Structures are given as structure tokens and as C-alpha cells.
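User: I am new to this structure and would like to go through its aromatic rings. Please take the questions one at a time.

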Amino acid sequence: MRKKYLSLLPGLLVLLLFPMGPTAQNSKACALQCPPNSSCVNGTTCRCTPGFISVSGEIFTDPLESCYDINECGPPSPVYCGISADCQNLEGGYYCTCSPGYEPVSGATIFRNESENTCRDVDECSSGQHQCHNSTVCVNTVGSYRCHCRQGWEPKPGLWYKQMNTICKEISFPTWTAPSGIKSQALSHFLNRIQDLGRNFSSASVLNTVGDLVQETGDLLETPGDLKTLPFSEQHFVVPNLLFGLENVLRGVSKALPKGSFTFNSSAGIELSLEVQAPSYRNITLIQKQTKMMLTWDAVRDSGDSGLAVVGLLSTPGMDRFLVEAPLVLDAEELTTLHETHRGLLQETSHILLSDVISAFITNKDTENLRSPVTFVFQHSVTPGPREKVHCVYWEHGQNGSGHWDTRGCWVTSTRDNSTTCQCSHLSIFAVLMAHYSVQEEDPALTVITYVGLSLSLLCLLLAALTFLLCKAIQNTSTSLHLQLSLCLFLAHLLFLTAIDRTESKVLCAIIAGALHYLYLASFTWMLLVGLHLFLSARNLMVVNYSGINRFMKKAMFPVGYGVPAVIVAISAASRPHLYGTSTSCWLHSEKGFKWGFLGPVCAIFSVNLAFFLMTLWILKRKLCSLNSEVSTLQDTRMLTFKATAQLFILGCTWFLGILQVGLAARVMAYLFTIINSLQGVFIFLVYCLLSQQVREQYRKWLKRIRKSKAESEKYTLSSRTMSEGCKHSEET
């Protein structure tokens, strides 16, 4: 029986192996073709294992492709492990863990999804897992911790506040450097007392130290001793340095104060207000008897510093007696505005301090350009008068050790009879100062001279223009130049006389200012052409080229005379159109040197005309042997010289007087400028019309014609009247 079963084994083995043969062979072929991290699907297709993928996707047919790990923790669809947990990628998978500073409640350090998340904050401070230095205090935060300095301590140099590596040291008393070169027993005694306070200083006694500092400063200001006998220049150096030194010490020792508001007073009336708080978004307001300060915490906090911030306001009554005659320097824009509000001469005669001198300081030492301006409200008992101007000022150190009151970065937002509100973009020593100005209002005599002179000039310019236009005997290139000059001056004077003070409409005033700018520049340009023609005429005495000169002048005079001023005005109007017209007159604004759009060309033309004049005199001085047909006699040469002299004086030097209206001679120059310029038309009519023999002869002819016409008219009128009376007598008889 056993042999029978053994004989059946080969056949059974064949039956078992027959169906398995092809599959085994295909499996062996797939194993050779599919890359790592994949499995065979059939003889031509492979599938990446879970957690991997190929370029073609999960299933691919290209045997050269590879299966890459899928980053389940990255984009485009990262796995969300829940709050305070992080996804960690693995090759072919991922897992979730609690973020640093957190631990799982369940005890499982690894989980798969948000539903398994049991992470909670770890209190590193109570568990002893922190690394804070023994000079700091550990404060737990959500997910981490910080190392705070103890009260009365501060981070060592180079280390930040509230960091894990913060190391602190006890706050020390800042060094107070004495002003150099000042000999004063009172000041030396004061500095010795300050050094004693510094030697005995500790963070526990900071309140007493601050109070003693305020009292010592008050005692020095109340009984200054020989400090008051120092020269003003040394007082202006010592006293501000005293306040800046006190400010520096208070900024340092106040860091040892706890949170809160503090007020310190001295017997001399000095008042110190301190606010010590953690950073926040609310505003800070410090109120004293005579002063109030408002600013934001954003302007207070040091960048990168999240510790306690200190804001201080120190008022020092009686400080003004040490700053007597301290100079005042106004901001350029404010000075321009101040001058343009008055038409007359403006000069500061004196100034006084209306308010207490205050010192404002914060934790941040970089206060040159605050993120937002600080606001001060000063109370004062003196009401500014009509010729008194209130300024918000700060103390600016000078290069020579002294200093002055300055207004840059400070401005008045409002002022009343007994208070003034200021805003400043920086912190320093501040005060409200009232300056008294001696204002010369519009002089009635100058007004009368202006109106009478310009009216007379308008009449003379009109007569001159009619003469140049109608008198054929004198019509030439020179006459054409003088005709255009007379027309431009006539229109400029007429517009000035009728519209210079039409400031009601800003647009209309700007148009008037632009028109005056153009007309006066055109007048000066024609003056230049007249000077050029005069020089060329004199030069013609030496070279026979007069016809060529006339052709050149006829072609160039109109494009130059009217084109050059148009270009200058167009550039000025395009660059700063808002500077045409001021609050008091329709003329050019002084801001940013805008008036040089007029003064620059005027000075250039004056210089060129002066050169023409000198060269003309040099030519005419020479002994000429022969003269051409147009300039044929020595008398014509002398007249040419006279015209050259009158030309420079009338059309150049008179305007130069306007630039000299400064200092003690300003009033005299103002009268000379007004008289001579208002009579410019009279001078032109006198020199170029009445002093011309040809014009005088033409005037005689016109007068004879007028008299003859008048006589004939009277004769005709008398004859008509006689005939009328005869007819009437005949009818009666």
C-alpha cells in the first residue's frame, strides 16, 4: 500500500506545479523591472507603495521611473496635527508631535491626527526646565518663557531685555560730567552733593534719591550764588547743561522705580512727573500746574526693548533769569511767513519767556525724530499783543558750548490769552517764547509817492510810445526797441498800480503775479537789447557794418524780447505754481528761493548792461578819425555817451536799490527805490523824447498845427456866430 502512494507522488507534484509555473515566472520578471518602493501589478505595470509616488502617479509603466517619498507635512495639502503640534515627515509616512514648550497629556509622544492631539503648555519656570541666569526671574509664556530682570536691575551691555539669555546687573547711578571751563563755587558744591547721592545710591532707595535730586536742583536755582554773576554766554552754557545732566540721571535711576505714576516737588517750585509703565497702546498724559504733556507709547519705547518704559516731565520755574538775552533762531519757513504777513520792515526787538522752562525725556535716548509728535500745553499769564508773536522753542546746543532758542521741529497749533499748545517732533528743553517785533506799517508817504510817480510815469510812457510810433523822423531800430520797452513798462506799471493787492482770490492773484513776473522780465530783456544796440552802435564807429547790425537786431529783438521772459516764467510756473502770490500781495513768494526766478535774470541783465556800458565808454573815449554817415559828428558821439550813462542809471541801478533795503539804510533805500522806479517813465520820456532835437522839432510842428487848427476853428465859430446874429437882426426889422 505504501508503494502505491509513493508511485502517485510524481503525478501529484506535476499537477501542483502546472498552474503555478507562469505566475511564478511573471513575479520573477516584475521583481527585476519595478524600482524600489514599488510593487508589480502585472508584466508591464508597477505601483508605488503607500507614502511614495512617481512622476506619472501611483501606477506607472516606464521601468526607468522612480518612486519618491510624499511629504505629507508640506504643500499643497499638509497634514493638520492640531493646535500646538507639528507634523514630522518620514520616508513613506509621517507622525505628529507637540511643539517645543508643550507636552501631551496622554503621555503618547507621537500621534497621527488632530483628534489624538492632547498637547498643553509646559511651565518651564515651575518645572525647573528654564535656563534663566540667577540675576533674572523666570516668567512663563505660552509655549516658552522669558527671563526678566529683577526690579532695580537692568540687562548688561549688549544683551536684550526679557530674552532667554538675559543677564542683568543692578542699576547704577549715571555719571554726571561737570561743564568744562566754568569756575563756580555754587556749581562745584552742587556737583559734590550729586556725587554723594551717587555713592549712596541703591535700587531700594530710588524714591529718596529722585526726591533729593529734585531738591538739590531747586536749591541751586533758588540760591545760585556766584552762578548768577557769570557772563551771559557762560550762563547759557551752564544752565542748559545742568538740565540735560539732570535729565540723563533721572532717565537712568528711574528704571529702578516700580510701575506707577510719581510726582516730586522741591521747595523752590520745581516739579517732576514720572510715568513708569509696561508698553501698551494707550496715550500718556502728564499734568502739572502750568504744563501738560501728551504722547503715545509708540514714541516712548526703545526698538527691541519690551521692558518698563519711563516718561518724565520736569518744570523749572525761575530758569528764565539765567537765559536772559539768549538768542532766538527762527526756522527759515517760519521766518519767511512772518515777514510776508507784514508789508513793512520787520525786526525783532526783544523776546521773553512766557512759560516755565521744561525738560521732557523718555527711556529711548534717540529722540531726534519721534514716530509721532509730542504735544505740550503751556499756561502763561501774559497775553500777546498785536506786534508780539508766540513761538514754541527748544534749546539748541551751539558749537562753541553756548546755545540758542530754536523753532525747528516745533510749531504752534493753537494759542489763547493764557495758554499755548505746541507740537514737536523731538524731545529736548522746551518753552514758549514771546517775541516783540518792530513793524513798520505801510508808509503813507511811500504810498503817495508810488501812486503819484506811477501815474506820472504812465502818462509819460504813453506819450513816449505815441512819439516813437508817430514821429517818422526818428523811426529806426533804436526807436523800435524803446517803443517795446515803453509798452512793457506801461503795462507792468498799470497792472501793479491796479491789481498788486488783489489777494481775495488765490487763482486771480497767482495770475496777476505771473503777469507781473513776465512784464517786468520782458522790460528788463528789452533793456538788455537797448544796451546791446547801444554797444553795437558805438562799435560801428570803428567798423563799417551798420546795415548788418540793423538786420541782426530786427531779426533777433522780438524772439529774444518776448520769448526769453516767457521761457523763464513757464519754467517757474511749472516747477512751483503755488508760490505765485502771497497773503499780502500778488507777487512772487520768498519760500525756497522762488524770487530768484526774477532776481537772477535781473542781476544777470544788470551785469551784462554794465559790461556794455563800460565797453561803450571805452570806444567813445578813443579819438576817432572818421565816422560813418549815420553817426557823423562829435556831437552825436557825446549824445551817445550821455544816453549810455542814463541807460545804465535808469534801467539798471534803480532796480539794484531794491536789493539794498537791509539794515539801518533800509528806509532810505526804500524811498530812493520808490522815487526813482516810479519815475522811470518820466526819465525815458525826458532822455529819448524831450532831449532829442528831431523830436522837439516834430513837437513844434504838431503844436503849430494844433494852434492853426484851433485858430481856424475859432475864426469859423466867430464867423458863424456873426452870420447868425445878422440873420436874426434882419428878421426882426
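Predicted model: local features only at pLDDT ≥ 70, side-chain atom pairs only at ≥ 80, totals over all residues.

User: How many aromatic pairs does the count come to?

Analyst: Two rings pair if their centres lie within 6.5 Å. By this rule, the number of aromatic pairs is 14.

User: Are the rings of Tyr580 and Phe594 stacked or edge-to-face?

Analyst: The two ring centres are 5.2 Å apart, and the planes are at 85 degrees. Planes over 60 degrees apart count as edge-to-face, those under 30 as stacked. The pair of Tyr580 and Phe594 is therefore edge-to-face.

User: Where in the chain do Tyr580 and Phe594 lie?

Analyst: The two residues are 14 positions apart, and their pair links distant parts of the chain. Both Tyr580 and Phe594 are buried. Each of them lies in the loop between α11 (546–575) and α12 (596–621).

User: Which parts does the pair of Trp587 and Phe598 tie together?

Analyst: Trp587 and Phe598 form an edge-to-face pair, with 5.2 Å from centre to centre and 80 degrees between the planes. The residues are 11 apart in sequence. Because Trp587 is in the loop between α11 and α12, and Phe598 is in a helix, the parts tied together are that loop and helix α12.

User: Is Phe598 buried or exposed?

Analyst: Its relative accessibility is 7%. Buried means under 20%, so Phe598 counts as buried.

User: Which residue lies over the face of Tyr94?

Analyst: A charge sits over a ring only if it is within 6 Å of the ring centre. Here the distance from the ring centre is 4.0 Å. The residue over Tyr94 is Arg112.

Key: Residues numbered from 1 in each chain as written. Heavy atoms only, no water. Phe/Tyr/Trp six-rings, centres within 6.5 Å; stacked < 30°, edge-to-face > 60°. Helix = DSSP H or I, 4+ residues; strand = E, 2+ residues; numbered from the N terminus. Buried < 20%, exposed > 50% of the residue type's maximum accessible area, 1.4 Å probe, protein only. Lys NZ or Arg CZ within 6 Å of the ring centre and 35° of its normal.
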